[in-house]
Amino acid sequence: METPFSVRIRTRAYEVDRQGHLNQAVYMQYAEHARWQFLQAAGLTPDVLAEAGIGPVLLKATVRFQRELLAGDEVDVGCAISGGRGKLVELTQSFLTPGKIPVARVDGVIGLLDLATRRLLPDPRTTLRELAKQPAVLGLDTPSETE
């Protein structure tokens, strides 16, 4: 899967575990950082989302570890909307070395929470597309077949 967006992160010494590789929980922190950078690159800043009365929520995440990262290694964390329908959006996050070697993959399901009603929006893809200043970053320029 081609990833339209990625952010490079250098692992830090304090993020490694006793085996000397990146602690498994840190992968989720990197994924969260990349998701926010992804939204912001599309113009969906926290202020824009708050003004619209919505917030993204992670409903499910599955991590597949493929190769270890050591302190000082760099990793590109990509984000791509890969599917979803109704209230749910599927997001794939690929972790690749600068040489494009797969390190890990996070498959997630997200939704948009209406902050007033505390309920998921019925059509998050359309909402994201309408609010984004750069919807092409999200890959939501046109409705998908799964909508």
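Is L49 buried or exposed? In this predicted model, where local features need pLDDT of at least 70, side-chain atom pairs count only at pLDDT 80 or more, and totals for chains, interfaces and linings use all residues, L49 is buried, because its relative accessibility is 2%. Residues are numbered from 1 along each chain as its sequence is written, and side-chain values use heavy atoms, with hydrogens and water left out.

Buried here means under 20% relative accessible area, exposed means over 50%, and partly exposed lies in between (1.4 Å probe, protein chains only). L49 sits in helix α2, residues 46–51. Helices (H or I, at least four residues) and strands (E, at least two) are DSSP runs, numbered from the N terminus. Contact means heavy atoms within 4.5 Å. Leaving aside neighbours within four places in sequence, L49 is in contact with W36, L39, L44, I54 and P56. G20 is 29 residues from L49 along the chain, and the C-alpha atoms of the two are separated by 38 Å.

Aromatic pairs were examined next. Rings of Phe, Tyr and Trp (its six-membered ring) pair if their centres lie within 6.5 Å; planes under 30 degrees apart count as stacked, over 60 as edge-to-face and the rest as tilted. The structure holds three such pairs. One of them joins Y27 and F65, and it is edge-to-face because the ring planes stand at 75 degrees, with the centres 4.9 Å apart. Y27 lies in helix α1 (residues 24–41) and F65 in strand β2 (residues 54–65), so this pair ties together parts that are 38 residues apart in sequence. Y27 is buried, with a relative accessible area of 3%. F65 counts as partly exposed, at 44% relative accessibility.

Y27 also forms an aromatic pair with F95. This pair is tilted, at 5.6 Å centre to centre and 50 degrees between the planes. F95 belongs to strand β4 (residues 89–96) and Y27 to helix α1, so the pair ties together parts that are 68 residues apart in sequence. Both Y27 and F95 are buried.

A cavity is a set of points where a 1.4 Å probe fits but cannot get out; a pocket is an open set with protein on both sides within 12 Å along at least five of seven lines; lining residues have an atom within 4 Å of a point. Grid points are joined across faces, edges and corners, and a volume is the space filled by probe spheres set on the points.

The whole structure contains one cavity of 30 Å³ or more. The largest cavity holds about 30 Å³ of space. Its lining consists of R35, L58, A61, L91, Q93, V106, D107 and G108. The largest share, three residues, comes from β5. By class, the lining of the largest cavity has four nonpolar, two polar and two charged residues. Ala, Val, Leu, Ile, Met, Phe, Trp, Tyr, Cys and Pro count as nonpolar, Asp, Glu, Lys and Arg as charged, and the others, Gly among them, as polar.

The largest pocket holds about 170 Å³. It is lined by 13 residues, of which R35, L39, P56, V57 and I110 are the closest to its centre. Helix α1 and strand β2 are the elements that give two or more residues to this lining. Helix α1 gives the most, with five residues. The pocket lining divides into 11 nonpolar, no polar and two charged residues.
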